[in-house]
Structures are given as structure tokens and as C-alpha cells.
Amino acid sequence: MAWLRDVDRWFIDEVLPHRAVFRRHATRLVSPGEAEDLVQEAYARAIDASHHREIANARGFVLTIIRNLAFERHRRAAIVRIEHLADLGALEIADAAPDQFAVLSGTIELGRLMALLDMLPQQQRAVVKLRRIEGMPPKDIAVRLGLSISTVEKHLAKGLAMLASALQETPTPDEGVTVSTLWRRHQHQRN
Amino acid sequence: MEEAAGWLAGLDTGSVAPDAFEAWRAADPRHAVAFAQVADAYQQVGRLRVMRDVQRSATSVPRFNRRMLLRGGGLAGVGALVGSVVAIQATARETSSTAVGERRTVTLEDGTRVYLNTATRISWRFADGAGTIWLEEGEIGIVVPQQARRALTLDGGSRSFRLGAGMFNARRHTETAGLLVLSGRATIPSSRRPEAVVTAGSIAQVVGATVSVKPADTIAIERARGWQNGQLVFEGESLDFVVAEFNRYLEHKIVVADSSLSRVRLGGRFTSTDPKDLLVALRASFGIKATRTQSGVIALTAI
């Protein structure tokens, strides 16, 4: 994709596959409602790193940022929940090598993605599938669905936004989360 | 995230200027992060093409309609010819059964057709103008014709159902049974009045002596229609579930040898008797390796 810089590719290939680990660690450090925000803040620091090619262990790098940001937040916060303090100590042992789970979660996400894609609202799902799976140009999608190009663009944007925020959530092994639940949660967190 | 997705969709359809996008992305690292996350989703969806291709090859298999099933061709056809017994009026129970991986059709004396899925055993009897079908194990599809004038009862173990004209799918597990009404209606005989009715698109689940009736999921209906065409339909179920469904048709079972694989969820349509499509899809999109052991069992492991 032409719009990605070298640092974006590094971020997508080296950082995002460990999102489940980051999220899990963030949940142990701050309250559940704050965890995703903490991860996103750490991402913003990471993607700004000018030396990204020299970082040997992207996972450890981001975990360290998350921990430092959590310390910072706790210092600022008026009330810190005691169970989060307890976990801060335990986290000193930052694991260097990606574990079995982390490696797998990058691969297996495809299955989740498929399930999530099928749960998108009908129009968005149709546009995303035609564009990305059938590889159809936007103007052909517009003709096929009887929509204007700008409506196709809106559906594509909405569909991708829903998928991207759903992907940031840590999947639970047994219970499937629906896109709409995730989307509501996402909206709620923003407001 | 929506903002970033808007930019990506704009770049994709060519409606925004690259300079304006670069300026937006450079303004805040959070923009860059959101954009990278959306771009990741965009790229990942593209990888689903593998699944699409697998589904294509599965659906291009000729679909059996009922007549073809009778005429022959393949295992199901042979079974249908052998199994197409027109029962003569008899007081003794007639029986029919299928082996693992086999399917078969039976026509009863009132014109009712019963399609037996893999590893299924039924018996039936017509006496005094009323018929009863016992589903002893497995899964059956039942088509009761309009002109069938006799009362027909399906016995699924602890409870029975009275079937009107229509299409039904019944499945029996060890302790439970389910009746899905595809068209027409069924009633549940009981001392209560009025009797409970199971209408088209509903499923009655029997656990012990308790029956609960609820609307059937679309997937349950697709699945009930699918197996008669030799297809298995999935919609994001766990690998454990998918493998269990496949194993019903397989002499040599598939086992998930790696507990971390249970997290994989699958969707799509597969030909029921041939696990090859499944194994190819698992390898291509999830990196799951299939090994046949000496005993013939197919073991799935993460590479």
C-alpha cells in the first residue's frame, strides 16, 4: 500500500501483532476502562520513534512504554486502586521473547476477522467484501450496488473503522463479541 | 478511528489529495497510529481471499437435488437406490440405517420421504391409519407431502411430535433431541390445551422431558438444508465445533492436538465427506498443520 511509510509498516508488522499482550498488561496496570487508552497512548509514542529500525524487540519496547505511562498516570491520579499497584511490581519482569500465545494471536486473528466481517451491518459488509475480497474498483462497486461513489466511500470508511476498533479488543476464547457491542463501547469511551 | 478510516477510504477511492492526507497524519502521532490500525484491518481483510477461494471450490461442486439423489451418482445415490424402500402395510417395525459417511433416502408408504444423514438409525410403523417414525440416533430430514392423510408422529426419545405437511430436520444426541421446522408445522402432544405449535422457522429442543421452542438461527436452517446437498456450513464457530461436525462423517477422525488452536474460528461452506478443503484452508490461512498418524487419525497442530 502506497500510503504507508517505513515506520507504519514496522508498526503494523512488529507492534500490532502483539496487541493482545499489550492490552492484557494494560488491564493489569490501570482500570479496564482506561486500558485501551493507555495502549493507544503508548502506540502514539512508539510510532514517533525515529529509531524504529534499531529496535530489536518491538514487543518489549512497547511494554516498557506502557509501564512507564502507567507509572506516570498513577503518580498524577488522586486515587489509585490498590490491585493495580500490586501488579506494577509483578510487571518488572518484562519478557523478552515473544511467547507461543503472542505468535499465534497474530496469525489467528484472520479467523476472528472473518467472524467480525460477517457481523458488520449489511451495506458496510458488502462494500468491504467487494473492495477487499473481490478486489473490485470503487466505481464498479457503486454501479453494482446502485450507490454514488461518495456513499461507497462512506460505507468503506465506516466498515473499516468498525473492523479496526474491533481488532484492538482482546478476544476471549469462548465468548464471541459482536462488532456492534465493540463499536458502542468504543463510542462510549470516546465520549 | 473513524477519521483515519475516512482518510483511507478517500485515498482508496481517489477523492482526497495525498498532500492533505500527509499533513493530517503529520499533525499528531495519534493520527498515524489510528491510520496504521485501519490500514492493518484493510490489509487483513484482503487476506480473507483465501477463504473465499476455498468456498468457491466447495460451492462449485454440483448440488444434488432430490431427484439426482435418487438416480444415483456417488455414495448418497447408491444408498438412495438401496434404501428406497416403499414400505408395505405391516405391523412390525421397519428399520433403516446409515454407516459413518453414508447418506440414504427412504420413502414411506404414505409418500413421506426420510433422508438419513451419516451414522443414523430410524424405524417406523404404520398401523390403524397412523404412522410413527422413531429416530434412534443421528439426523434426518423429513418431507411430509400435502396428500399424506394419515397422522404422522416423530418420536425423538423422551418426547414426540405430530408432523403436518412440510419439511423438517430432526437430530438426536445422547441426551437431547431437536426438531427444526423448515416449512409447515408440527405440534407437541401433551395434556395441556392448546397444544404447543412449532411453526416454520422454529426449533424445538428437547432436554429430558422438557421442550423449549424458539426461533431458529439462520445458520441452523442453512445447516439443515446444507447436509442434504453434501455441504457443511459454518459461521465463525470454534475449530473444536467444526472438527466435531466433520468427524460425524469421517471414519478416521480429526483431532485438535494443540489446545491453543481452539481459538481459531471458521466460516464457510465445505463438502461434507471430504476434509481436504478444510485442511487446505486451515493450512493457508491459519498455518495449521495436519498430520496423519499410523492409526489413520488426522492430528492438527500449530506450525
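Student: How many helices and strands does chain B have?
Tutor: This is a predicted model. In it, chain B has nine helices and 16 strands.

Student: Which parts of chain B have the lowest and the highest confidence?
Tutor: Where pLDDT is low, the predicted coordinates should not be read in detail. Chain B has a mean pLDDT of 79, with 82% of its residues at 70 or more. Confidence is lowest in helix α5 (residues 66-71) of chain B, with a mean of 35. Strand β3 (residues 113-116) of chain B has the highest, at 94. Over residues 54-90 of chain B the pLDDT is below 50, although the stretch has 63 contacts in the model beyond near neighbours in sequence.

Student: What percentage of the residues of chain B count as buried?
Tutor: Buried means under 20% relative accessible area. Of the 303 residues in chain B, 50% count as buried.

Student: Which residues have the most contacts inside the largest nonpolar core?
Tutor: That core has 72 residues, and those with the most contacts inside it are Phe11(A), Tyr43(A), Ile66(A), Leu163(A) and Phe35(B). Take Phe35(B): leaving aside neighbours within four places in sequence, its contacts include Trp3(A) and Leu4(A) from chain A, and Leu8(B), Phe21(B) and Trp24(B) from chain B. Another core, of 27 residues, lies apart from the 72-residue one; among its members are Val114(B) and Leu179(B).

Student: Which residues of helix α7 of chain B are buried?
Tutor: In this helix (residues 218-226), they are Ile219(B), Arg223(B), Ala224(B) and Gly226(B). Seen down the axis of α7(B), the buried residues fall within an arc of 165 degrees, so they line one face of the helix. Their cover includes β8 (176-188) and α8 (239-247) of chain B.

Student: Are Glu36(A) and Arg23(A) buried or exposed?
Tutor: Both are buried. Arg104(B) and Glu102(B), which meet in a salt bridge at 2.9 Å, N to O, are both buried as well.

Definitions and conventions:
Residues are numbered from 1 along each chain as its sequence is written. Chains are lettered from A and ligands numbered from 1 in the order in which they are written. This is a predicted model: local features need pLDDT of at least 70, side-chain atom pairs count only at pLDDT 80 or more; totals for chains, interfaces and linings use all residues. Side-chain values use heavy atoms; hydrogens and water are left out. pLDDT is the predictor's confidence in each residue, from 0 to 100. Helices (H or I, at least four residues) and strands (E, at least two) are DSSP runs, numbered from the N terminus. Contact means heavy atoms within 4.5 Å. A nonpolar core is a set of buried Ala, Val, Leu, Ile, Met, Phe, Trp, Tyr and Cys residues joined through side-chain atoms within 4.5 Å. Buried means under 20% relative accessible area, exposed over 50%, partly exposed in between (1.4 Å probe, protein chains only). The arc is that of the directions from the helix axis to the C-beta atoms. A salt bridge is a side-chain nitrogen of Lys or Arg within 4 Å of a carboxyl oxygen of Asp or Glu.
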